[in-house]
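Please keep the sequence and the model in view while reading.

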Amino acid sequence: MIGTEGSAGGDGRVAHDVDLWHHGDREVGDGLVDLAVNVRVPQPPEWLLAELRDSLSAVAAYPDVAGAVEAIAARHGRSREDVLPTAGGAEAFTLLARAWPGCRPVVVHPQFTEPEAALLAAGHDVTRVELTESGGFALDADLVPADADLVFVGNPTNPTSVLHPAASIRALARPGRLVVVDEAFLDAVPGEPESLAPERIPGVAVVRSLTKTWGIAGLRAGYVLAEPVVVERLRGLQPPWSVSTPAAVAMTACSRPGAVAEAEALAREAEADRDRLVSRLRNLGVEVAGTPRAPFVLVRVPGGEKIRLALREAGYAVRRADTFPGLGPDWLRIAVRSDMDDFLDALAVLL
């Protein structure tokens, strides 16, 4: 059973736990500058808002995701049979956890905690593979037990912001194993390097989210790309009409070539903003983990929890990172925004 403290035992199997259900939205509050949630924009662009408003005229009918499936398949060069729209990445992880009962699941940490939370809720015993700071939190496929038959890994990984080589993830694939790659932030990396989304790879499922780039976390819009046999297995467990009409409209709209090009431009802006942030942080003597590639950075500062609380007093919400397995209270995750000078000035006073 999972407790509330501690870490994996010597064999990697989880003996105790941190709060896997803690997410960045619990850090924000009235009057605070939100640097805790990884949604890049404060609201969707006007063209997307217009399509969402128009979609409300059709909500008397049951949702139909056929158009979204077609658009997503075209966006990634995949067959329609490879696509399953979901109510955000969270539903995808829940379906995956329920679809493989009796397996030996492995979660590569530090990473987004929802996959492990979904596995625990489905009654699984979870094995953790914890990547190391000394190794730059880089993926080492040899660390994953040979008998693991369901493996979860993020790319780029939340919260480390590390982008793993596609070859390292491919090395995890083998007969009888499903590798689940959480690519929720890859559309925020210019050119989407190392993505496995465009290719049907035996034993690999890719989970994508649209909420981060487009400011639609409240809609719950995501999807799975996998072999048809995996998609059908997941669809068989998915509640009817779980993807709402507005979410399906958003999936269609955000998968069009013009939207993909806009996302690329946003990613390049975020990359420049992140590089400036990393440079300033390091000039302040703050340790930045690995080589950040996503629109957030993981940092370690002595007395991190006190710093986090002091930042709240100064008007800034950042994400505590001790709820990510493999990290501790000195680690904080900071979302990248366009103008962070005032935040950095406030942080400098506290260091």
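Rings of Phe, Tyr and Trp are taken as a pair if their centres lie within 6.5 Å, the six-membered ring being used for Trp. In this predicted model, ring pairs of this kind join Phe93, Phe112 and Phe152 into a cluster. The count of aromatic pairs comes to seven.

Tryptophan 47 belongs to helix H1 (residues 46–55) and tryptophan 214 to helix H6 (residues 211–214), so the pair ties together parts that are 167 residues apart in sequence. Tryptophan 47 is partly exposed, at a relative accessible area of 30%, whereas tryptophan 214 is buried, at 2%.

Phenylalanine 185 and phenylalanine 296 also form a pair; this one is edge-to-face because the planes stand at 70°, with the ring centres 4.9 Å apart. Phenylalanine 185 is in the loop between strand E6 (178–182) and strand E7 (204–209), and phenylalanine 296 is in strand E10 (residues 296–300), 111 residues apart. Both phenylalanine 185 and phenylalanine 296 are buried.

Arginine side chains complete the picture. Arginine 333 lies over the face of phenylalanine 296, 5.9 Å from the ring centre, and arginine 233 lies over the face of tryptophan 100, at 4.2 Å from the ring centre. Arginine 104 occupies the loop between helix H3 (88–99) and strand E3 (105–109). With 15% relative accessibility, arginine 104 counts as buried, and its side chain makes a polar contact of 2.4 Å with the side chain of aspartate 147.

Key
Residues numbered from 1 in each chain as written. Predicted model: local features only at pLDDT ≥ 70, side-chain atom pairs only at ≥ 80, totals over all residues. Heavy atoms only, no water. Helix = DSSP H or I, 4+ residues; strand = E, 2+ residues; numbered from the N terminus. Buried < 20%, exposed > 50% of the residue type's maximum accessible area, 1.4 Å probe, protein only. Polar contact = N/O pair within 3.5 Å; in protein donor to acceptor, adjacent residues only side chain to side chain. Phe/Tyr/Trp six-rings, centres within 6.5 Å; stacked < 30°, edge-to-face > 60°. Lys NZ or Arg CZ within 6 Å of the ring centre and 35° of its normal.
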